[in-house]
Amino acid sequence: MAKTRSVPDLWMIVAIIGILAIGVVMVYSASAVAAFHDYGDAYYYVKRQLLFATLGVGAMFVTMNVEYTAWRKYAVPAVLLCFGLLVIVLTPGLGVVRGGARSWLGIGSFGIQPSEFMKLAMVLFLAKLLSERQNQIQQFTTGLMPPLGTLGLAFGLIMLQPDLGTGAVMIGASLLVIYVAGARIAHLGGLALVGLVGFVGLIAAAPYRLQRITAFLDPWQDPLGAGYQSIQSLYAIGPGGLVGLGLGMSRQKYNYLPEPQTDFIFSILAEELGFIGGTLLLLLFLLLIWRGMRTAITITDPFGSLLASGIVGIIAVQVLINIGVVIGLMPVTGITLPLVSYGGSSLTLLLTALGILLNLSRYAR
């Protein structure tokens, strides 16, 4: 193992803090109108965002200073606990339905989303499992099927909620870990075809998903229904131009664009800060992903390399899907923009994971 560095990756810290700061500002700007209308307090959402951001930064500082190898022994208990929570959340009377999905556990306005925890737990579990079975990963039955079976079970439970967006992020990040571990391209390619057939089946099984696909192809077929969010998102991005309308000057946040502080916060950012503001945010994400992948490539410990790849994968896949949806390149799905969108448990958990990544960067050559 490489000698411990005196400090974590400073460029990674700059990217994290920069994205988080933009997120806090944009949560206030995007949510102030709705917050005042619903709660009589324009600062309702941003105060909660600041609270969870503070807790998350504190957790990031802790995990940044805990040697990453300590997490290896918690991999199996963590994934088992998350499986238990996924079962509990599906139990009528225990799971809370929000946005049409039974994805939450909690009381009142406070809640946690077990599927968010499963994303990190699955990456941690796969990093441990595959680092210990490197000589078997190219064998389909003994090397590839055990991790894929665990992954498939978790995805199935998440789809019962249903939450296709979170499930897709977990699948994407996990497959990156499996690929980095040395799985054969032929095996992954064959499974990708099977997965594509299954994905088509999932879409066909739920009419609302099929509506989202048709709305993606032509949102103007149903401008007040399935195509509404896509159209309103583009109405926000278009007028932004090069420099935007100005911070706080969005028009679409006046009850035109649903939930502007969560899934479509990038639309409001592009409307208010324009192409320059949107590009700055994307460059910060690219900086974070680049430094994270650099850590994964240069660290000598297989477990650390796979864990870093998985954490970066969670961020990269989530950013790709969210931005793709917002600009109309993907069908609408419920995915937030990491560190930017309003959220409690997801924001705190992601900052905790980034703390682990920062600790891993101490060991990068």
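**Note on the predicted model: helices, core, pocket and backbone**

1. Helices here are DSSP runs of H or I with at least four residues, numbered from the N terminus.

2. The structure is a predicted model, in which local features need pLDDT of at least 70 and side-chain atom pairs count only at pLDDT 80 or more, while totals for chains, interfaces and linings use all residues. Residues are numbered from 1 along each chain as its sequence is written, and side-chain values use heavy atoms, with hydrogens and water left out.

3. Which residues of α2 are buried? They are Y44, Y45, V46, Q49, F52, A53, G56, M60, T63 and M64. These residues lie on the same side of α2, because they cover an arc of only 150° around the axis; the arc is that of the directions from the helix axis to the C-beta atoms. On the other side of α2, T54 and F61 are exposed. Buried means under 20% relative accessible area, exposed over 50%, and partly exposed in between, with a 1.4 Å probe and protein chains only. The cover over the buried residues of α2 includes α1 (10-39) and α12 (345-361).

4. The largest nonpolar core holds 95 residues, of which I16, M118, M122, L281, L307, L337 and L354 touch the most other members. Helix α11 (residues 302-326) gives the largest share of this core, 14 residues. Such a core is a set of buried Ala, Val, Leu, Ile, Met, Phe, Trp, Tyr and Cys residues joined through side-chain atoms within 4.5 Å. Beyond its neighbours within four places in sequence, M118 is in contact (heavy atoms within 4.5 Å) with V79, C82, F83, L86, A154 and M170.

5. Leaving aside neighbours within four places in sequence, T295 is in contact with M12, A308, L357, L360, S361 and A364. A173, in helix α6 (residues 164-180), counts as buried because its relative accessibility is 0%. Not counting residues up to four places away in sequence, A173 touches V123, G310, G313, I314 and V317. A173 and V123 are 50 residues apart in sequence, yet their C-alpha atoms are 7.3 Å apart.

6. The second largest pocket contains about 310 Å³ of space. Of its 13 lining residues, A78, F117, L120, A121 and L349 are the closest to its centre. Helices α3 (75-89), α4 (114-132) and α12 each supply at least two residues of the lining. A pocket is an open set of points on a 1 Å grid over the protein atoms alone, where a 1.4 Å probe fits, with protein on both sides within 12 Å along at least five of seven lines; lining residues have an atom within 4 Å of a point. Points are joined across faces, edges and corners, and the volume is the space filled by probe spheres set on them.

7. Most residues other than glycine have a negative phi, and most peptide bonds are trans. The peptide bond from Q161 to P162 is cis, with omega near -10°, and P162 is in the loop between α5 (140-159) and α6. N255, which is not a glycine, has a positive phi of about 65°; N255 is in the loop between α9 (228-240) and α10 and counts as exposed at 58% relative accessibility. L339 has a positive phi near 70° and is found in the loop between α11 and α12, but L339 is buried, with a relative accessible area of 4%.
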